Amino acid sequence: MSLLNHKLQACTRAVQPRGVLRRVAVAPVCTLRHNEPAPVQQRLLSASIAAATSLVLLASFPLASSAARLDLPNKEVDDATSPFVQELLKRSNENRERYQKERLQDYYRRNFKEYFEFEGANAKVGKARGLSSETQQAIEKWLEENK
């Protein structure tokens, strides 16, 4: 007699009232303990349920190939007639000089700060290198603005 049948008989005997000859199985009473291995049939059933569930979930989502089948029209925008593109071009042209000055100032700040600190550190060094007083003051002013 298998272990499962033995447990089932023990469970049904415990539930039967005296004098009743039929067997009644009650599910909550007849459960396997956690440390006992599950029967092969139960493991196969659990695996097949898991596989069926995952197949149903996969079938419910649209596949990438079905998304590729959608033919959406690709409308090219004519730059000459599009008001949005014209507005962007207008703003770009208006700010062109400002953007160029900002790029140049950023370049100076990254590459020449140490040089200007050396030149503006001492008036004697600037005079020996041939800097005029206006240039010396402009270097000091630039250093103050770009600390």
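Q: How many salt bridges does the structure hold?
A: This is a predicted model. Side chains of opposite charge can pair when their charged atoms come close. A pair counts here when a side-chain nitrogen of Lys or Arg lies within 4 Å of a carboxyl oxygen of Asp or Glu. The number of salt bridges in the structure is 3.

Q: Is Glu87 buried, partly exposed or exposed?
A: Buried means under 20% relative accessible area and exposed means over 50%, with partly exposed in between. Glu87 has 38% relative accessibility, so Glu87 counts as partly exposed.

Q: How far apart are the closest N and O atoms of Glu102 and Arg98?
A: Glu102 and Arg98 are 4 residues apart in helix 5 (residues 96–111), so about one helical turn separates them. Glu102 is partly exposed at 43% relative accessibility, and Arg98 is partly exposed at 42%. The two residues form a salt bridge, and their closest N and O atoms are apart by 3.6 Å.

Q: Which residue forms a salt bridge with Arg110?
A: Arg110 counts as exposed because its relative accessibility is 56%. The closest N and O atoms are 3.0 Å apart, and the partner is Asp106.

Technical notes
Residues numbered from 1 in each chain as written. Predicted model: local features only at pLDDT ≥ 70, side-chain atom pairs only at ≥ 80, totals over all residues. Heavy atoms only, no water. Buried < 20%, exposed > 50% of the residue type's maximum accessible area, 1.4 Å probe, protein only. Helix = DSSP H or I, 4+ residues; strand = E, 2+ residues; numbered from the N terminus.
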